[in-house]
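Morning, everyone. Please look at the sequence and the model on the screen, and then we will walk through some of the details together.

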Amino acid sequence: MRSLKFARSFEVTKELPENLRPLRKLAMNFWWTWNHETRSLFRNMAKDLWEQVEHNPVELVNQLSKSQIDRLANDEVFLAQIQLCERELDRYMFAETWFDRHFPGRRSDSLVAYFSAEFGVSESLPIYSGGLGVLAGDHLKAASDLGVPLVGVGLLYSRGYFRQSLSPDAWQQERYPQYDFYRLPLTLVRGDDDRPVRVTIDFPDKPVFVQVWKAQVGRVALYLLDSNILENAPSDQGITDTLYGGDEDMRIRQELILGVGGYRALTAIGVRPTVCHMNEGHAAFLSLERLRQFMAEQKCDFRTARQCVVAGNVFTTHTPVPAGFDVFDSSLIEKYVGKAADSLGIGVPKLLELGRINPKNSDEKFNMAVLAMENANYVNGVSKLHAEVSRKMFSDRWPDYALEEVPIDSVTNGIHTMTWMGRRMTELFDRYLGNDWRENAADQRVWDAIESVPNADLWELRENERGDFVRYCRRKLRAQFRASSSGPVDMAGVNEVLDPRTLTIGFARRFATYKRATLLFQDKERLKALLFHPDRPVQFVFSGKSHPRDDGGKRLIQDISHFIQNEGARTRMVFLQDYDMSVARRLIQGVDVWLNNPRRPMEASGTSGMKVVPNGGLNCSVLDGWWAEAYEPGVGWAIGEGMETNDEGYQDWMDSRALYHLIENEIAPMFYYRSEGGIPVGWVEMIKRSMRRLGPVYSTLRMVREYTEKAYMPSDEAYRRMTADGLARAKKAIDWRDRLRGAWKDVAIVSVSDDAERSVGIGGEVEVKALVELGQLQIEDVRVQAVAGQVSSNRELTHIEFHDLAHVESQGARHVFVGKVPCPEPGHRGYIVRVVPSNEDVNVATELSIVAYERETA
């Protein structure tokens, strides 16, 4: 049978009466995902249909019947709600923003392009798998709220990430539906000639073409690349089929489309970023394409282009273990990126060095995170602990620097509060805090005002949310049973699943083995005693997906399901299939406690626990990721004491005992102790303390402000400096680097003295004097520093700090530098003097890893 292809095509849309046409405008901007009134507007149009179309407002409008349209068109209350939502969207889009106030006049000439392999904006746009994508979606929303001039760049997966179901034996099954982009809140980007914008990526065998779609996320445009077009061979049409699917060959093709194709797409559209932010190493190839275009436009060499381009790049790593990075064999890099390396004038060997921790180690695979790091002005991890772990992982790249100096900063993740806060809590805040709090969700004063909410009101809300969640779980279980059964199913037992008055603990995330989903099951009898305690019962709700190739993660899901089926736990424990953003919202709004027990330090940040905070949930977590810096007594519970050991079995045993102890002796007793009118006052007070201390901090509003102030605007300014006046400062910086490298062999610390006695009083200072040989270098070429800290048992400096010494005298090529070293704490304290390069146009730690230390003495 012949398969017919179209010769001509066109888009068919639903015609709406004039007074309903604003619905399309509202549907095409994902602002509705964090505006409760607009979300309610869509839901109230046809509640059952809203669930059937999985919260896709475009498909909701498409599937409205004529009678439904006529009813809505004549409903004066509904029409007034449309007008209200449209006015609010218009007000939002054109209002003055935080960025306008803090960086006046910069909006017109500054632009950040944020590249990510996945974006979790809404469940109706299923191009995300988990935390990385949801964070990226929240990043765009916060940038929109703050008015940061930013665009997103990603891939549009025609089959998304998989949909999950379980076999009768509870083994994960994957299904990949085909999505019709014309029925999603997306617009195909067209050029001035009204033809779709297309860009070409040169692969070894042939060119591949991609087209560009746009999703509007508040004020932010998200551009998504799609290879599923007829001009491509069938195998190439499928490159953007699935997220994290395929082999290494497919992965490098996807990452070339994201990085190279993404940057070319921006150029074709006429979008010229001054700063590019690589969210994980998947997008690192954009740095090569940006260099190529810059060299062609400026007619300069690779080194000059790199001096400019690196100044305008930012890289965020989310990976806490070496095995988590994207790495490729050298042969694959040569195959796919060899021509690009030649066009840059560096060749494959030099390109490979840019992707290795040890550049000269030819056995080391090409690491995308290292490529991104080598081509970025600012690098960060996603929590304080993760930054420490990352500095250790990459320390060999900076052998002469102290661990604390490895140039990886931290910007702790957050959540977009308005996306994740439930409707009831939003209305409670409106009632007691006024309407302005929504635009100031990272303001400490907003969260301090939670104290004004009566305990009774907050507890009533939590009871209602738990009740709604239990009913949701039962509905979802019925749907799961119907989908998995070929015959009649007795649904009566579902009504016994979970109890709306019982302490409810949630665990939902990607089912990777290090997240230890079955830690709770180490002692099954003790667990059953918790579930069926006569006075203080506990119930658990699990959800999450395992990567299709991770049988270890699938086995965890199976073990949990078998426990539920075989150990009499059906009424106290459930596993909700097909975890996505919709299921996540229900969980984080409905559970009392959020459980997180990864194997420390393998959780880079984690954001799921942050999402329960504004909903009145409490966290019980291992001291890893964000919780390592967020936890303090009274805001939740810490499992263990931050122990790390190579004996995984022992660590699991210790942490499971700590978890049982917490639930038995602290969590359950506090939840069930009712004093004032049936209210657990201690529990409610802890909710308020958690919201007050954590709510304003673990917010993407705080996070994106931090990125803007620490990374985006400094990088924007550095890029402008380097590219001004015919690249004059970039060329001068390169000349300085060459001169410095040539003269560094003559730099030496001749002598060091101080005025310290055997003992120095706390709060005192030690004056340090250093005689330094600089050879052909000038005083302004260097900084002379005393690196001070506590002295450990093996003579290493710990808790180090840096104190610049001032130049006071010259003796030919030798110079005297003097400064003070403070002594703020008791104990054994020491210092060492060093010389480091210094130039305002060179990011020394990143670009020029050379240091001269004084000789260590006993």
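First, the ground rules. This is a predicted model, where local features need pLDDT of at least 70, side-chain atom pairs count only at pLDDT 80 or more, and totals for chains, interfaces and linings use all residues. Residues are numbered from 1 along each chain as its sequence is written, and side-chain values use heavy atoms, with hydrogens and water left out.

Let's start with a sheet. Helices (H or I, at least four residues) and strands (E, at least two) are DSSP runs, numbered from the N terminus. Two strands pair if DSSP finds at least two bridges between them. In general, strands of a sheet pair through backbone hydrogen bonds, either parallel or antiparallel.

In what order do the six strands of the open parallel sheet run? The order is 17-16-15-18-19-20. Strand 17 (573-576) and strand 20 (636-639) stand at the edges. Each has a single partner strand, so one side of each has no neighbour in the sheet. Neighbouring strands here are turned by 20 degrees against each other on average, direction ignored. For angles, axes are lines fitted to C-alpha atoms, for helices over the stretch in contact, and the angles run from 0 to 180 degrees between N-to-C directions.

Strand 19 (residues 618-622) pairs with strand 20 in the parallel sense, over four bridges.

Contact means heavy atoms within 4.5 Å. Helix 21 (residues 524-531) packs on the sheet and touches strand 16 (538-543) and strand 17. The direction of helix 21 makes about 115 degrees with that of strand 16. Helix 26 (residues 648-672) also packs on the sheet. The strands touched by helix 26 include strand 15 (503-508), strand 18 (593-596) and strand 20. Against strand 20, the direction of helix 26 makes about 165 degrees.

Seven strands form an open sheet in the order 21-22-25-24-23-26-27, and the pairing is antiparallel. Strand 21 (748-754) and strand 27 (852-853) are the edge strands, each pairing on one side only. Strand 26 (residues 829-837) runs antiparallel to strand 27, joined by two bridges. There, Val 835 stands opposite Ala 852.

Now a hairpin. It links strand 6 to strand 7 through four residues. Strand 6 (residues 198-202) and strand 7 (residues 207-217) pair in the antiparallel sense over five bridges. Thr 200 stands opposite Phe 209 of strand 7. Strand 6 has two faces: Val 199 and Ile 201 are covered, while Arg 198, Thr 200 and Asp 202 are uncovered.

On to a helix pair. Helix 2 (residues 36-45) and helix 6 (residues 76-94) pack at about 150 degrees, with axes 10 Å apart. That makes helix 2 roughly antiparallel to helix 6, a label for angles over 145 degrees. Helix 2 brings Glu 37, Thr 38, Leu 41 and Met 45 to the contact, and helix 6 brings Phe 78, Gln 81, Ile 82 and Cys 85.

What about burial? Buried means under 20% relative accessible area, exposed over 50%, and partly exposed in between (1.4 Å probe, protein chains only). Helix 16 (residues 384-393) is mostly covered, with seven of its 10 residues buried. Among those buried residues are His 386 and Arg 391. Ser 715 sits in helix 28 (residues 700-723). Ser 715 is buried, at 0% relative accessible area.

Take Cys 473: the nearest cysteine sulfur, that of Cys 620, is 19 Å away. Cys 473 counts as buried because its relative accessibility is 0%.

Last, the backbone. Most residues other than glycine have a negative phi, and most peptide bonds are trans. Arg 600 and Pro 601 are joined by a cis peptide bond, with omega about 5 degrees. Pro 601 lies in the loop between strand 18 and helix 24 (608-612). Glu 54 is not a glycine, yet has a positive phi of about 55 degrees. With a relative accessible area of 35%, Glu 54 is partly exposed. Asp 194 also has a positive phi, near 70 degrees. Is Asp 194 buried or exposed? Exposed: the relative accessible area of Asp 194 is 54%.

Note on methods. Disulfide = S-S within 2.5 Å. Parallel < 35°, antiparallel > 145°, perpendicular 65-115°, else oblique.
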